[in-house]
Amino acid sequence: MKKLFIFTHLFSGAILIRFALSKLFAWPISVEAFVEMAQPLGIDPTFFRVFTGVVIATVVVGYFSSLYLVLRDKHLEGGGALTFVKLSNLLGVGVMSGALLSEFFLRTAPKVPLVLIASAIVVFSAFNLFKLNEVRGLRQ
């Protein structure tokens, strides 16, 4: 189980680094996408892009911090470490669900690779949450 937790946290964090950087450093492809997605909302695309970049960067930090806790088996001790890992995965599910909604409702046509990546992260994080509840049950 530990190897699966390591893989899912490493995969999710590593993939999302690229997306956080593209938003925070205003890569042209990201700027274009946020101009398109901000238009239906009537908000400033730069604010929307930077805010999204900060949120995704927060998720990346959460996944890599959770990876550290999993590698050190701290999540098995329960308490704050287990709660942190659960909250990191819950945040990942929420943010990637928002990304999926944005792809389907704010773009003229969803980008299939982005939908697949966000879906994979949602599935991995949901799986982690399910298995982390079993870890808690083993401790009791």
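Biologist: Which residue just after α2 takes a positive phi?

Modeller: This is a predicted model, in which local features need pLDDT of at least 70, side-chain atom pairs count only at pLDDT 80 or more, and totals for chains, interfaces and linings use all residues. Helices (H or I, at least four residues) and strands (E, at least two) are DSSP runs, numbered from the N terminus. Just after helix α2, a positive phi of about 70° is taken by Gly42.

Biologist: How far does α2 reach from its first C-alpha to its last?

Modeller: Helix α2 covers residues 28–41 and has 14 residues. The expected span of a helix is 1.5 Å times one less than its number of residues. For α2 this expectation is 20 Å, and the reach in the model is close to it, at 20 Å.

Biologist: How far apart are the end C-alpha atoms of α1?

Modeller: Helix α1 has 23 residues, which should span 33 Å at 1.5 Å a residue. The separation in the model agrees with that figure, at 32 Å.

Biologist: With which residues is Ser22 in contact, leaving aside its neighbours within four places in sequence?

Modeller: Ser22 lies in helix α1 and is buried, with a relative accessible area of 1%. Other buried residues of α1 include Phe5, His9, Leu16 and Phe19. Contact means heavy atoms within 4.5 Å. Once its sequence neighbours within four places are left aside, Ser22 is in contact with Trp27 and Ser30.

Biologist: What is the phi of Ala26?

Modeller: Ala26 is found in the loop between α1 and α2, where it counts as partly exposed at 33% relative accessibility. Its phi is positive although Ala26 is a residue other than glycine, with a value near 55°.

Biologist: What is the phi of Asp73?

Modeller: Asp73 is found in the loop between α3 and α4 and is partly exposed, with a relative accessible area of 30%. Asp73 is not a glycine, yet it has a positive phi of about 60°.

Biologist: Which residues does Asn89 touch, not counting residues up to four places away in sequence?

Modeller: Asn89 is found in helix α4 and counts as buried, at 0% relative accessibility. Beyond four places in sequence, Asn89 touches His9, Tyr63, Ser125, Asn128, Leu129 and Leu132.

Biologist: What is the C-alpha separation of Ala14 and Val60?

Modeller: Ala14 lies in helix α1 and is partly exposed, with a relative accessible area of 41%. Along the chain, Ala14 and Val60 are 46 residues apart, but their C-alpha atoms are separated by 7.6 Å.

Biologist: Which residues lie nearest the centre of the largest pocket?

Modeller: On a 1 Å grid over the protein atoms alone, a pocket is an open set of points where a 1.4 Å probe fits, with protein on both sides within 12 Å along at least five of seven lines; lining residues have an atom within 4 Å of a point. Helices α1, α2, α3, α4 and α5 (112–139) each supply at least two residues of the lining of the largest pocket. Of the 29 lining residues, those nearest the centre are Phe19, Lys23, Phe34, Glu103 and Leu114.

Biologist: What share of the residues in the protein is buried?

Modeller: The protein has five helices and zero strands, and its C-alpha atoms fill a box of roughly 50 × 25 × 20 Å along the principal axes. Among contacts with a separation of 6 or more, 71% join residues 24 or more positions apart. Of the 140 residues in the protein, the buried share is 39%.

Note on methods: Residues numbered from 1 in each chain as written. Heavy atoms only, no water. Buried < 20%, exposed > 50% of the residue type's maximum accessible area, 1.4 Å probe, protein only.
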